[in-house]
Amino acid sequence: MSGLSAVLQGRPFHRPASQQYRFARRLAPAHRDMLEQALCDRVRNAARNLQERRAALTMWMAVQQARLRTYDEAQREQYALDRRNAVERGLCIVTLPAVPFMLWSLRRNHHRSPVRVEYATAFDNFMRMLRDPQVPPELRETVAQRLDYHLRREGTIAPRQAELLRRWGAMELAESGYLVSEDRDLPPHRIEDMHVLLRRRLQTASGPEAPAGRLTRQELLADAVAALTGTHWDDLDLSALTCNRTQEVLDHLHDLGDRDSRSHARARLALEQARGRVEPLVRNLLALVAEGVRSARTLERARQGRVDRARRAVE
């Protein structure tokens, strides 16, 4: 574990992440608890030098980040359903340009949801570390800075705690004895979070489920749109792959998802050959665009552009 780097490293089509974070993310909850306790003991141990304690704290903060980014099956299923519904509403009810914003809003709420399975544990861990007298002041300041990073950059702090942090600051809030698990003024849950809690109860009552199969057609299309518009739940970003052809690939995806649109036969074949996987689907559609295969939406946009130019020429 001492050989794991805390430096952010690039990952193909994902946001940069450190080796420490990826290690902590892969651990089972029980193993994460054991690692966390061992790190806490090392941070508090005055017999160790400051460098050793700081190294342990860095790994401890990676564990908290992993907790903040942990989603159970109930939350992933609800998020996939919400994305699919957003795409369908965008295609059938509202204008198409609104779809990326709708997906971005869903992603933001997903990342800061108060019903994440390990969210309360992570936030309470930050509070306890910040007010622990056995932790040197300079290390507590590092913890406060990391919590502020999660608030302002990562967007993984739930709205209630975000408001308290902005009002009081991390150190003062921690010194007040605040814990999420003891907060009696928590606001009512959003309807999407209530759906997550209901799914969680139903899954618990029905026992372990069979492993999830590959994505459904609409889930796959919603995932692909999210991966091209920076709104994917797992930070998958394929926009660098499609570059200036992103809109044309999106047009194919929207045609495939719109029941009233006539999608291209080769685009439907590309969807079938992707076998429920996002990246192969995007690559297949990008190859079609490179060959000059245009979607109905792309062709209509080009036609409308010619009409507008002709109208302006006449005027």
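Mentor: Let us begin with a definition: the expected span of a helix is 1.5 Å times one less than its number of residues. The model is a predicted one. Helix H11 (residues 217–229) has 13 residues, and from its first C-alpha to its last it reaches 19 Å, close to the 18 Å expected.

Trainee: What makes H11 largely enclosed by the rest of the structure?

Mentor: Buried means under 20% relative accessible area. Eleven of the 13 residues of H11 are buried, so the helix is largely enclosed. Among these buried residues are Gln218, Glu219 and Asp223, as well as Leu220, Leu221 and Val225.

Trainee: Why is the contact between Arg76 and Glu73 called a salt bridge?

Mentor: The term requires a side-chain nitrogen of Lys or Arg within 4 Å of a carboxyl oxygen of Asp or Glu. For Arg76 and Glu73 the N to O distance is 3.0 Å, so the pair qualifies. Both residues lie in helix H4 (residues 73–92), three residues apart, about one turn of the helix. Arg76 is partly exposed, with a relative accessible area of 30%, and Glu73 is partly exposed at 29%.

Trainee: How do you know that the salt bridge between Glu291 and Arg266 links distant parts of the chain, and which term describes the accessibility of each residue?

Mentor: The side chains of Glu291 and Arg266 meet at 2.6 Å, N to O. Glu291 is in the loop between helix H15 (278–290) and helix H16 (296–314), whereas Arg266 is in helix H14 (residues 265–273), 25 residues apart. Exposed means over 50%, so Glu291, at 53%, counts as exposed.

Trainee: How many salt bridges does the structure hold, and which residues are linked in a network?

Mentor: The structure holds 23 salt bridges. Arg32, Asp33, Glu36, Arg67 and Glu118 are linked in a network of them.

Trainee: What makes a group of residues a nonpolar core, and which members of the largest one touch the most others?

Mentor: The members must be buried nonpolar residues joined through side-chain atoms within 4.5 Å. The largest such core has 40 residues, of which Trp60, Phe123, Met127 and Leu147 touch the most other members. Helices H1, H2, H3, H6, H7, H8 and H9 each supply at least two residues, and H3 gives the most, with eight. Leu147 touches Phe123, Phe126, Met127, Leu130, Ile157, Leu165 and Ala170, not counting residues up to four places away in sequence. Apart from this core lies another, of 32 residues, among them Met102, Leu106, Leu221 and Ala270.

Trainee: How much of the chain counts as buried, and how many helices and strands does the chain have?

Mentor: Of its 315 residues, 44% count as buried. The chain has 16 helices and two strands.

Note on methods
Residues numbered from 1 in each chain as written. Predicted model: local features only at pLDDT ≥ 70, side-chain atom pairs only at ≥ 80, totals over all residues. Heavy atoms only, no water. Helix = DSSP H or I, 4+ residues; strand = E, 2+ residues; numbered from the N terminus. Buried < 20%, exposed > 50% of the residue type's maximum accessible area, 1.4 Å probe, protein only. Contact = heavy atoms within 4.5 Å.
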